[in-house]
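This report goes through selected local features of one protein model. Please keep the sequence and the coordinates open while reading.

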Amino acid sequence: MATTKSGIRLATRLDEVGFSDIVQIRNTIMAMRAEGLQVHALHGGEPYFETPEAIKFAAIQALVENQTHYAPSSGVLPLRKALVDKLATKNAINTTTDEVIVTVGGMQALYAGFQSVLDPGDDALIFSPYWTPIGDLVTGSQARPLLVPTATARRNGIRNTLEQFSTPRTRAIYYNTPQNPSGLVFTRAEAQEVADFAIDRDLVVISDEAYEDLVYDGEHVSIASLPGMAERTITAFTFSKTYAMTGWRAGYAVAKEPFITALRKIVLYSTNGVSTPVQYAMIQALKTPESQIAAHREEYRKRRDLLVTALNEVGLECESPAGAFYAFPNVEKVHKKSRTAAQILLEKAHIATIPGSVFGAQGEGHLRFGYAITTREIEDCVEALRAFFA
Ligand SMILES: Cc1ncc(COP(=O)(O)O)c(C=O)c1O
């Protein structure tokens, strides 16, 4: 517990909540760059392209038209209508404007999701390796993350494995597909296994579909679209990745009662909604032709193939990730401990990556390479990798 000399102390619910290691890595890179060193930046997770012009102009137009007032805390109606259409056509989630809520990025949707479901002392199952903030969102709800090794689950059966790691206090499953950091995409059959287990055990699924538009092999299945799942799933989406809108902080969630009311309360009393002009930009983003989203996907596929081929060539064994924009090779050849491996690559080859251990014990021995950068930047990194291993 953090307590000052005078006895003033921090709320205990923050005791187990950490700060992302990724931020510390970003600081080291900035310091290296300030010294004039060239750093191959594969540590990040931001699209390589800028927010499309039409989206930026929609925000400007909203400002000019004085869309600068309080909006409904859950989002302006035209946006919620557009989201309902998108969810029906793209995700096979049939919903209403009362069951969607606009959030400050995917992060607020996830925060609100965990806060709505977990009580102190509850447990939440998390497929691991997992996106680091999720552990903190769970502990911030004073609940306990139960890490389920994804590789074991896929090998031995998802349902059996979930059963094995579950406790009587388990309330929720965090389900992320395509996955950060592994790039794994769960199949429809696997989604069904998770759904069957959730229904059997009366659990809530918090589904994170941040990378829904970045599936290269296989298909994206929204778990809420499976029979009996809409009522027990809170699905979090973001505009960050598909539309290159990371800094706009634009996301949304879809859920049925009682969860949607809980999400509304949390949004109301935290941010009271998303900035109004941003919501008009979101409406424009949803008009993006599918062909443009597919063209970006193809660009990412090229980058994936370039990087994954090179990683395997230098002996860093790497399966081709089916989705998202991360490669997650085994780097034990550099060092058994991923933190040391990341440090060696950064110091000796100026390649910035994220140690796999940051994503849970199951990520140890791996590094995350983000390939949402320009082809030229990947080529430069590949050259540096070859020189390092020569
Ligand atoms: C798995 C996953 N979920 C959710 C998010 C949330 O993104 P944002 O808060 O930018 O919408 C991210 C961002 O990196 C992510 O990787």
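## Basis of the values

The model is predicted, with local features requiring pLDDT of at least 70 and side-chain atom pairs counted only at pLDDT 80 or more, while totals for chains, interfaces and linings use all residues. Residues are numbered from 1 along each chain as its sequence is written, and side-chain values use heavy atoms, with hydrogens and water left out.

Helices (H or I, at least four residues) and strands (E, at least two) are DSSP runs, numbered from the N terminus. Buried stands for under 20% relative accessible area, exposed for over 50%, and partly exposed for what is in between (1.4 Å probe, protein chains only).

## Helix 3

Helix 3 covers residues 77-91, 15 residues in total. From first C-alpha to last it reaches 20 Å, close to the 21 Å expected at 1.5 Å a residue; the expected span is 1.5 Å times one less than the number of residues. Its buried residues are Leu79, Arg80, Leu83, Val84, Lys86, Leu87 and Asn91. Seen down the axis of helix 3, these fall within an arc of 165 degrees, so they line one face of the helix. The arc is taken over the directions from the helix axis to the C-beta atoms. As background, an α-helix has 3.6 residues a turn, so residues three or four places apart point the same way.

Asp85 and Thr89 are exposed on the other side of helix 3. The buried residues of helix 3 pack against strand 2 (100-104), strand 7 (233-238), strand 8 (250-254) and helix 10 (276-285); contact here means heavy atoms within 4.5 Å. After helix 3 comes Ala92, with a positive phi near 55 degrees.

## Helix 12

Helix 12 (residues 338-349) has 12 residues, and its C-alpha span from first to last is 15 Å, close to the expected 16 Å. Ser338, Ala341, Ala342, Leu345, Leu346 and Ala349 are its buried residues. Viewed down the axis of helix 12, they fall within an arc of 130 degrees, so they line one face of the helix. Glu347 and Lys348 are exposed on the other side of helix 12.

The cover over the buried residues of helix 12 includes helix 1 (21-34), strand 1 (40-41), strand 10 (351-352), strand 11 (354-355), strand 12 (367-370) and helix 13 (375-389). Thr340 is also in helix 12 and, at 27% relative accessibility, counts as partly exposed. Thr340 and Gly315 are 25 residues apart in sequence and 18 Å apart in space, C-alpha to C-alpha.

## Ligand site

There are 14 residues around the ligand, of which Gly106, Asp208, Thr238, Ser240 and Arg249 come nearest. A residue is near a molecule if one of its heavy atoms lies within 4 Å of it.

Taken alone the ligand exposes 400 Å², and the protein buries 92% of that. Accessible areas come from the Shrake-Rupley method with a 1.4 Å probe; for residues, only the protein chains shown count as cover.

Asp123 is in strand 3 (residues 123-128) and is buried, with a relative accessible area of 2%. Apart from neighbours within four places in sequence, Asp123 is in contact with Leu118, Arg144, Leu146, Thr167, Arg169, Thr170, Arg171 and Ala172.

Asp213 is in the loop between strand 6 (204-208) and strand 7, and counts as buried at 6% relative accessibility. The side chains of Asp213 and Lys90 are joined by a polar contact of 2.8 Å. Such a contact is a pair of N or O atoms within 3.5 Å; within protein, one must be able to donate a hydrogen and the other to accept it, and residues adjacent in sequence count only if both atoms are side-chain atoms. Leaving aside neighbours within four places in sequence, the contacts of Asp213 are Lys90, Thr242, Ile293 and Arg297.

## Backbone features

Most residues other than glycine have a negative phi, and most peptide bonds are trans. The peptide bond from Ser128 to Pro129 is cis, with omega near 10 degrees, and Pro129 is in the loop between strand 3 and helix 5 (133-140). A cis peptide bond also joins Asn180 and Pro181, with omega about 20 degrees. Pro181 lies in the loop between strand 5 (170-176) and helix 8 (188-201).

Gln142, not a glycine, has a positive phi of about 60 degrees. Gln142 lies in the loop between helix 5 and strand 4 (144-149) and is partly exposed at 35% relative accessibility. His350 has a positive phi near 55 degrees, lies in the loop between helix 12 and strand 10, and is partly exposed at 22%.
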